[in-house]
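Please examine the chain shown below.

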Amino acid sequence: MIRPGEIAVVGAAESTKIGAVPGMSQIMLHADAALNAMEETGLKPADIDGVACVGPMMPQQIAHYLGITPKWVDGTGVGGCSFMLHVRHAAAAIHAGYAKTILITHGESGKSRINATPRPPEPESLNGQFEVPYGPFGPPTLFPIPVLRYMKERGVSHEDLAMVAVVQREWAAKNPRAMFRDPITVDDVLNSRMIAYPFRILQCCLVTDGGGALILTSADRAKDFPTKPVYILGTGESVETNMVSQMKDFTSSSAFRVAGPTAIEAAGIDRSAVDHMMIYDAFAHLPLYGLEDLGFCKPGEAAGFIREGNTRPGGKLPLNTNGGGLSYTHTGMYGMFALQESIRQMRGTAPAQVPNAKISVCHGVGGMFSASGTVVFSNQKP
């Protein structure tokens, strides 16, 4: 087993620009973020011996483009939380001695679609056979299937769902790089354009261009770098079904309930010790599921927890402090940006810095609840 704090993040950077970046292809966004991360650590491509990324870019493309000949690669692709799994796998590889310095990259031209590859369900796939013919296609029309059941059984109102977006906009207002920064109210959300019931456009993620990169190494080597190390205390991963209609329970994610508690248990911490949290928020319901499935709220209590102000600036559990996928950025696979914000908070460099934050939980989703990954970070070595 990997001990808490045995592996550290020494490099973390996003692409120079996020939002609309029509002058850069997806591989260029990967490289831009990677070079930014290498620059802050003082590393060169020859110093990197492990590479991880997720499709449509493959590790061999990224390694060749950057001039890296790695000893270890990972191309695990389970959707937007793939990067959380990459962190977990990279930590295991460093622990096992397969590599010493691992680069994880992301780049996606979600808005400009430069060199982007459309990935519709193939007609012969399970989704193509058993979901697409009935109308739902893509997250805005697939996510409402479990959400409506969740709202009914948990007693969650439209106002509760809107409040998630309102609170995250409060955080985004503090972040100069956030795409949307103007304050919004519950009425603003409920009066915005309907996309797919119950989601209005202000409850749906942004569509942007951007990238990010992480560099991991052993904690013993972290002292050799100019950056403040952020230690990995625990990690977890799981998958359920790639068809949202086949979830075991529409009010809870089986993958969340494995990945999150696994990471927290591995970290050896109590939930009350968590100072900061990132929950992948492609749509406004995901923080509610995350808070409950990870054990920070009892079933049915997450909406009230947010409504009472616990996750907003000054609250007892600051959540999605960059503004999240709803207001900061969302290239299509958002997990890398959630990781970046957790690391900024642990470094003490976040635009909306949480005072004295020592432990951050970063939780991601892939597809429509089909996968999950969780990482627990700290700025203090156990």
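Helix α7 covers residues 158-172, and its 15 residues should span 21 Å at 1.5 Å a residue; the end C-alpha atoms lie 22 Å apart, which agrees. The expected span is 1.5 Å times one less than the number of residues. Helices (H or I, at least four residues) and strands (E, at least two) are DSSP runs numbered from the N terminus. This is a predicted model, in which local features need pLDDT of at least 70 and side-chain atom pairs count only at pLDDT 80 or more, while totals for chains, interfaces and linings use all residues. Residues are numbered from 1 along each chain as its sequence is written, and side-chain values use heavy atoms, with hydrogens and water left out.

Helix α7 is mostly covered, since twelve of its 15 residues are buried. Buried means under 20% relative accessible area, exposed over 50%, and partly exposed in between (1.4 Å probe, protein chains only). Among the buried residues of α7 are L161, V164, R169 and W171. The elements against which they pack include α6 (144-154), α11 (286-293) and α13 (324-327).

The secondary structure of the chain comprises 14 helices and eleven strands. For 382 residues, a compact globule would have a radius of gyration near 21 Å, and the value for the chain is 19 Å, which agrees. This radius is taken over C-alpha atoms, and the globule rule is 2.2 Å times the number of residues to the power 0.38. Buried residues account for 60% of the 382 residues. Of the contacts (heavy atoms within 4.5 Å) between residues at least 6 apart in sequence, 74% join residues at least 24 apart.

The whole structure contains ten salt bridges, each defined as a side-chain nitrogen of Lys or Arg within 4 Å of a carboxyl oxygen of Asp or Glu. One of them joins E14 and R177 at 3.1 Å, N to O. E14 lies in strand β1 (residues 7-14) and R177 in the loop between α7 and α8, so this pair ties together parts that are 163 residues apart in sequence. E14 is buried, at 8% relative accessible area, whereas R177 is partly exposed at 30%.

Another salt bridge connects R154 and E292, with the closest N and O atoms 3.4 Å apart. Because R154 belongs to helix α6 and E292 to helix α11, the pair ties together parts 138 residues apart in sequence. Salt bridges that share partners also join E14, R177, E341 and R344 into one network.
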